[in-house]
Amino acid sequence: MGEYKKNVLALTSRCIPYYPALRKIAKSISGSILFQQLEYLFSIKEGEPFYKFMEPCPDHKDYREGDSFTEVLSFSSSEFRNAFDEIGIRYKSKTAFMEASVAGNPFMEKPYLSYIDKRTGLTWYRRNQTVVQDIIDGLIDSAADNSSSSTVDNETASSGEHQPTDAEMKELNL
């Protein structure tokens with residue numbers, strides 16, 4: 001039997017990271033956590049739209065227990081809505097989303113949007129690829145600027161607090 005090696009999946013399988021730098025964009029800790037969770041979900045779907053329930057919906061055929069946003073993040077419904085409103089646009093119907101798309105700017109310069117497909121009862125999430133990439137590039141540039149202009153003091157180093165390297169930030173797409 002070989003030696004066990006740590007891997008990112010084992011370290012983060014039940015953890016939802018909080019990146020303080022995202023708070024400037026997301027306006028709150030909850031918004032930052034939701035931003036990170038949305039990025040995780042979009043990474044699984046390779047940037048494609050996906051549906052997810054905001055809260056448990058046991059009578060819906062597509063709902064899986066424990067998989068709604070409120071369950072995964074331990075947010076209340078209002079906390080989720082408030083966090084999402086800082087980083088996304090909510091459309092009350094697919095028709096409203098389609099009308100906004102035809103008009104030209106359904107994201108209104110925000111990173112994400114959601115709409116409810118009333119026919120299926122599913123809420124769909126979409127990613128504004130350009131805006132999100134600009135945010136991530138800005139975070140990478142900021143991290144690079146900070147790492148080149150600062151040093152880790154002895155107190156931080158002795159506390160065991162880990163400061164991510166540029167390579168780690170790039171690996172995490174931050």
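Strands E3 (residues 112–117) and E4 (residues 122–127) run antiparallel and are joined by six bridges; helices (H or I, at least four residues) and strands (E, at least two) are DSSP runs, numbered from the N terminus. The model is predicted, so to speak of local features a pLDDT of at least 70 is needed, and side-chain atom pairs count only at pLDDT 80 or more, while totals for chains, interfaces and linings use all residues. Residues are numbered from 1 along each chain as its sequence is written, and side-chain values use heavy atoms, with hydrogens and water left out.

Confidence comes next. The protein chain averages a pLDDT (the predictor's confidence in each residue, from 0 to 100) of 85, and 76% of the residues score at least 70. Over residues 151–160, pLDDT stays under 50, and the model has four contacts beyond four places in sequence for this stretch; contact here means heavy atoms within 4.5 Å. Where pLDDT is low, the predicted coordinates should not be read in detail.

The sheet itself is open and has four strands in the order E1-E4-E3-E2, with mixed pairing, two strands being paired if DSSP finds at least two bridges between them. Strand E1 (50–51) and strand E2 (88–91) are the edge strands, each pairing on one side only. The hairpin of E3 and E4 has four residues between the strands, and in it Gly121 takes a positive phi near 75°. E2, helix H6 (residues 94–103) and E3 make a right-handed β-α-β unit; right-handed means that, with the strands pointing away from the viewer, the path from the first strand over the helix to the second runs clockwise. E3 is mostly covered, with five of its six residues buried (buried means under 20% relative accessible area, exposed over 50%, partly exposed in between, with a 1.4 Å probe and protein chains only).

Helix H5 (residues 77–87) lies across E2, E3 and E4 and runs at about 115° to E2. Axes are lines fitted to C-alpha atoms, for helices over the stretch in contact, and angles run from 0 to 180 degrees between N-to-C directions.

Which charged side chains pair up? A salt bridge is a side-chain nitrogen of Lys or Arg within 4 Å of a carboxyl oxygen of Asp or Glu, and by this rule the count comes to five. In one of them the side chains of Glu39 and Arg127 meet at 2.8 Å, N to O. Glu39 lies in helix H3 and Arg127 in strand E4, so this pair ties together parts that are 88 residues apart in sequence. Glu39 is buried, at 14% relative accessible area, and Arg127 is buried too, at 15%.

Asp67 forms a salt bridge with Lys52, with the closest N and O atoms 2.9 Å apart. Both residues lie in the loop between E1 and helix H4 (69–73), so the pair ties together parts 15 residues apart in sequence. Lys52 is buried at 7%, whereas Asp67 counts as partly exposed at 25%. Arg90 and Asp85 also meet in a salt bridge (2.7 Å, N to O); Arg90 is partly exposed at 41%, as is Asp85 at 30%. Salt bridges that share partners join Lys52, Arg64 and Asp67 into one network.
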